[in-house]
Amino acid sequence: MTQRIHGGDVAKVQKSLGFKKGELIDFSANINPLGPSPRVMEELRKNLEEIINYPDPRCTELREAVLDYYPVEDSSLIFGNGASELIFILMKVLKPSRVLIPAPTFIEYQYGAESVNSQVQFLNLPHENSYSLPVEELLGELSRVDLVFLCNPNNPTGTLWEKEEIKNIVERAGEKGAWVVLDEAFMDFLEKEDNYSLLRDFKSCRYQNLFILRSMTKFFAIPGLRLGWGVGPPKIIERMERAKDPWNVNILAQMAGKRALEDKHYILKTRQLIKKEKKFLFEELEKIKGLKPYWPGANYVFVELERTGPDSGVLRDRLSRKGFLIRDCASYPNLSSRFFRAAVR
């Protein structure tokens, strides 16, 4: 059985090392350090009895909130039990034969592709260029693949790619008959996300080969409720709706998502906090001998370890015994045990 490694497995560490609830400080999961919006918590407390009812299959109130907040159209919008579910539904619908994945990046792209027996090809992001996107090399592969995954900002490296680079890839992929799945799960953390996000461009250009993923679990700090959404061409959205569970987004997640988007003060406060604290975390890590942090595009810092010191697994274990969790990045393709990731707290 494949072991799927992610950050945030607090319960496992608590049990194995004997920590009590609340004693661990989790830098391994890229979640808003403010926690959920107070409006979300109040809404959940007031409506717990609603779990006796089936959730709205169309997510009507949540849908209205997303349409009000983001530049998207109703016919292009679909909701998932986390953005990860939408990866698997899309793969089920498209069934691409060959999939290109820049590496390192979010591992669920690989698992989603393999779930429909796609042949996965990794495009290694160059270490010597700080894991920037090798655009020309990627463009050269488009005629040999059916679908490309891109993550912006990239996880775990924090690399932020320019909008024009992504648009060029989408347009060239369209000419070759290939799809682009663009994961913008961490885009909400950016103060000027319109400078990087393709949401507005999708609406104006009406790309027919682009699917954009967005997560509500990271920025709005509700990973336990599972909530994400995506936009794509209406015909694909219709096929995805038919391929999924009709009640895939639970009733509490729908309530939480709606209230979170209405809390503009929380959204502004989060962005201000992340801007300040990611700079602080980067600069403090930079002061530690043996560490090379990469400038963060989002709410986490990617760190390289010097080869003379402990590797990422040893460091992870040492820190966990002291009550601190980091994300050991050794499991990512195109990385080694010399890298880890730490979230802003």
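Reply:
**The second largest pocket**

This is a predicted model. In it, 22 residues line the second largest pocket. Nearest its centre lie H6, D9, K12, V13 and R316. The space in this pocket comes to about 550 Å³. Three elements each give at least two residues to the lining: helix α1 (10-17), helix α12 (312-321) and strand β12 (327-328). Sorted by class, the lining holds eight charged, eight polar and six nonpolar residues.

Next, a pair of helices. Helix α3 (residues 60-69) packs with helix α10 (residues 251-262). Their axes are 8 Å apart, at an angle of about 25 degrees. An angle under 35 degrees counts as roughly parallel, so α3 and α10 are roughly parallel to each other. Their crossing is left-handed. On the α3 side, E61, L62, A65, V66 and Y69 make the contact.

Now the loops. A103 is joined to P104 by a cis peptide bond, with omega near 10 degrees. P104 sits in the loop between β3 (98-103) and α5 (108-114). The bond from N152 to P153 is also cis. Here omega is about -5 degrees. P153 belongs to the loop between β5 (147-151) and α7 (163-176). Finally, N117 lies in the loop between α5 and β4 (119-124). N117 is not a glycine, yet its phi is positive, near 65 degrees.

Note on methods:
Residues numbered from 1 in each chain as written. Predicted model: local features only at pLDDT ≥ 70, side-chain atom pairs only at ≥ 80, totals over all residues. Heavy atoms only, no water. Axes fitted to C-alpha atoms, helices over the stretch in contact; angles between N-to-C directions. Helix = DSSP H or I, 4+ residues; strand = E, 2+ residues; numbered from the N terminus. Parallel < 35°, antiparallel > 145°, perpendicular 65-115°, else oblique. Left-handed = near helix turned anticlockwise from the far one by under 90°. Contact = heavy atoms within 4.5 Å. 1 Å grid on protein atoms, 1.4 Å probe; cavity = no way out; pocket = protein on both sides within 12 Å on 5 of 7 lines; lining within 4 Å. Points joined across faces, edges and corners; volume = space filled by probe spheres on them. Nonpolar A, V, L, I, M, F, W, Y, C, P; charged D, E, K, R; others polar.
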